Amino acid sequence: MRTLVYLASGGYDEFYETLPYDRIYLVSAEPRRRIHSDKVVYLNMDALDSIEYFKKNDIRIDCLVTLRESQGEGGFRYNLCSDAVI
């Protein structure tokens, strides 16, 4: 199973359904509405908590997307490209 994880993803876009991955995890600490998709899973949690979730559930990440660095743009306490996340 090929898996894509998008940290600080923001909202859902139907385009995600066309990507060549079996499962796509959108991770954002901001609450969003429910997504009804067999392919896309929304995790309403902090990026570091999501990494623990993936480890605990033995989910292998094939592609990690971090387009927003979060610290300046999102007001979070750490940068998504830091050693703590990567």
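## A tour from Asp58 to the cores

Select Asp58 to begin: with a relative accessibility of 73%, this residue counts as exposed. Exposed means over 50% relative accessible area, buried means under 20%, and partly exposed lies in between (1.4 Å probe, protein chains only). The model is a predicted one, in which local features need pLDDT of at least 70 and side-chain atom pairs count only at pLDDT 80 or more, while totals for chains, interfaces and linings use all residues. Residues are numbered from 1 along each chain as its sequence is written, and side-chain values use heavy atoms, with hydrogens and water left out.

Remain at Asp58 and inspect the backbone. Its phi is near 50°, a positive value in a residue other than glycine. Most residues other than glycine have a negative phi. Asp58 is placed in the loop between helix 1 (47-56) and strand 4 (63-65). Helices (H or I, at least four residues) and strands (E, at least two) are DSSP runs, numbered from the N terminus.

Next, colour the protein chain by these elements. The chain contains 1 helix and 4 strands, and their order from the N terminus is β-β-β-α-β.

Now select Ala8, in the loop between strand 1 (3-7) and strand 2 (23-27). Ala8 is not a glycine, yet its phi is positive, at about 55°. Is Ala8 buried or exposed? With a relative accessible area of 16%, Ala8 is buried.

Proceed to Ile24, which lies in strand 2. At 0% relative accessibility, Ile24 counts as buried. Which residues does Ile24 touch, not counting residues up to four places away in sequence? They are Leu4, Tyr16, Leu19, Lys39, Val40 and Val41; contact means heavy atoms within 4.5 Å.

Ile24 also belongs to the largest nonpolar core, which has 11 residues, including Leu4, Leu26, Ile35 and Tyr42. Strand 1, strand 2 and strand 3 (40-43) are the elements that give two or more residues to this core. A nonpolar core is a set of buried Ala, Val, Leu, Ile, Met, Phe, Trp, Tyr and Cys residues joined through side-chain atoms within 4.5 Å.

Within this core, select Tyr42. Leaving aside residues up to four places away in sequence, Tyr42 touches Ser9, Gly10, Leu26, Ser28, Glu30, Pro31, Arg32 and Ile35. A second, separate core has 9 residues, among them Val5, Val27, Ala47 and Ile51.

Finally, display the whole protein chain: of its 86 residues, 40% count as buried.
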